[in-house]
Amino acid sequence: MHNQKLNEVLGNIPLSYKSSANRLDVEITGIQYDSRLVEPGHIFVALVGGNVDGHSYIELAAEKGAVAVIGSQSVELWNHINIPYFQFENTRVALAYLSASFYGFPSRSMVLIGVTGTDGKTTTSNMIYQILKTAGFKAGMISTVNAQIGDEILDTGFHVTTPEAPAVQYYLWRMKEAGLTHVVLETTSHGLAQDRVTGCDFDIAVVTNITHEHLDYHGSYQAYLQAKGRLFEYLNQTVVKPFYPEHLAVINQDDLSRDYLEKIVNVPQIHYSIREKSDIWAEEIQPGRDGITFNASSNDFSITVNCHLPGNYNVSNALAALSVGIFGLKINPSLAAQGIEQMQAVSGRMEQIRMGQSFQAIVDFAHTPNALENAIKTVRNLTTGRVIAIFGSAGLRDREKRKMMAETSAQLADITIITAEDPRTESLDAILAEMQLAAENQGAETGKTLFAIPDRGNAIELGVELANPGDVVMACGKGHEQSMCFGETEYLWDDRIAMKAALSKLLKIPGPAMPYLPTRDQ
């Protein structure tokens with residue numbers, strides 16, 4: 001149990017507040033923003049979201065044993081509750097700093113490496129983590145897939161991006177308690193915009209790329225760019241740690257985001273490129289069936305890197321990771337390259353599913369236009385046969401990308417199968433119709449090179465039935481995720497299990513059952 005006195009927690013945060021409370025020496029046992037999960041001894045933080053206002057649940061939280069409440073409404077409105085109420089300007093920022101303070105600002109005791117970008121964050125985070133482990137550092141990682149604390153792996157949930165601030169700080173505290181010295185933290189644009197990593201003292205910031213995604217949430221590419229840029233702005237504000245005074249920004253020279261990030265950063269920068277000479281660049285890129293080999297070069301060294309993940313975009317990811325290891329942490333270049341080589345695969349990223357079939361079956365997380373384009377171009381190099389792409393586009397998310405992804409596949413794949421991908425409360429038929437029209441406008445022929453199949457299981461089964469020897473069937477968009485949302489219900493779903501189920505049915509061999517989705521009944 002981790003307990004703290006309320007006055008100590010409040011005393012260490014850089015925010016002002018108003019309160020009617022007299023007693024602040026109350027003991028607190030945790031911080032909670034979901035009133036359903038409040039337990040005696042918790043502080044309840046009332047967040048205001050798109051659909052829910054946490055202030056509506058203050059009385060409930062008090063009844064359940066909350067010992068203090070944080071809100072943004074005026075103190076006078078809450079004088080009637082019998083526990084201290086604190087008024088902050090922004091409760092999300094307050095939640096972040098309170099969480100960091102409650103756990104003793106754990107990031108100040110370690111070298112913290114933040115990784116952001118539209119595509120490639122999880123892969124790059126894993127590459128950095130592997131380099132750190134290969135070099136002998138006591139390292140941890142918090143990604144959208146899981147949190148790794150030494151040998152312990154904690155699942156971070158079904159559909160999370162960056163976990164909320166209390167979870168981030170809890171994981172960091174656990175890592176500090178375990179004696180870890182270096183931590184890689186994957187940071188999404190939502191996580192940055194919603195202050196989930198505020199209160200984390202970053203030492204190194206890395207960007208993979210910033211392309212078309214989440215414009216439903218951010219409103220414009222510029223706003224999306226600024227949200228991602230917050231990770232780099234944190235570098236300017238971080239408390240300098242005596243054991244690691246050298247902050248570093250790692251920037252993709254090949255990406256649109258370069259100019260903006262260069263301007264907002266006032267710490268040393270390292271640029272990487274797969275197109276031209278830079279601080280570190282790739283030469284002699286040689287794709288193979290099970291990965292890619294290249295030379296990573298700088299003015300001071302040139303090393304051969306064997307990467308088990310295919311695709312030029314993974315060369316770019318590897319250069320970002322090598323930049324952190326070599327320039328940021330002064331790891332020997334050959335040792336850093338060994339770290340890349342030791343990484344076999346990342347869950348749901350270009351993951352090969354092999355059950356004895358005569359064609360390749362791949363599951364990949366590509367869920368943006370840029371990622372889908374890269375994925376199709378990558379598998380094109382792995383085969384002389386056809387590419388069959390299966391994907392959808394999520395409901396209540398960036399609408400523009402539906403058309404863009406359908407157009408991309410119509411142009412680059414031989415067969416496009418569009419299907420469900422988290423339609424949420426939107427009409428799946430309407431989403432598919434929008435995508436179908438966009439693909440047809442690029443020359444795809446429904447019934448020949450284009451199929452719209454609402455049930456994702458049926459879509460994957462069709463993909464493997466259409467495959468000839470030597471083809472590649474690729475299910476994109478879900479990757480490592482283990483659920484799919486219809487309406488407001490999350491159904492258990494895993495593309496890897498679905499692909500195995502479809503292959504076992506095709507080959508008439510034992511295998512898993514196809515997971516159920518409500519579209520199966522239609």
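**Stop one: a pair of valines**

Select valine 206 and look for its bridge partner in β14: that is valine 250. Now widen the selection to β13 (residues 204-207) and β14 (residues 248-252), which pair in the parallel sense over three bridges. Strands here are DSSP runs of E with at least two residues, helices are runs of H or I with at least four, and both are numbered from the N terminus; two strands pair if DSSP finds at least two bridges between them.

A quick note on what you're seeing: this is a predicted model, where local features need pLDDT of at least 70, side-chain atom pairs count only at pLDDT 80 or more, and totals for chains, interfaces and linings use all residues. Residues are numbered from 1 along each chain as its sequence is written, and side-chain values use heavy atoms, leaving out hydrogens and water.

**Stop two: the whole sheet**

Next, colour the open sheet of 11 strands, in the order β11-β10-β9-β12-β8-β13-β14-β15-β16-β17-β18, with mixed pairing. Which strands stand at the edges? They are β11 (152-155) and β18 (302-307); each has a single partner strand, so one side of each is left without a neighbour in the sheet.

**Stop three: a helix across it**

Select helix α8 (residues 221-237): it lies across β8, β13 and β14. Contact means heavy atoms within 4.5 Å.

**Last stop: zoom out**

The C-alpha trace spans about 75 × 60 × 40 Å along its principal axes.

Technical notes
Axes fitted to C-alpha atoms, helices over the stretch in contact; angles between N-to-C directions.
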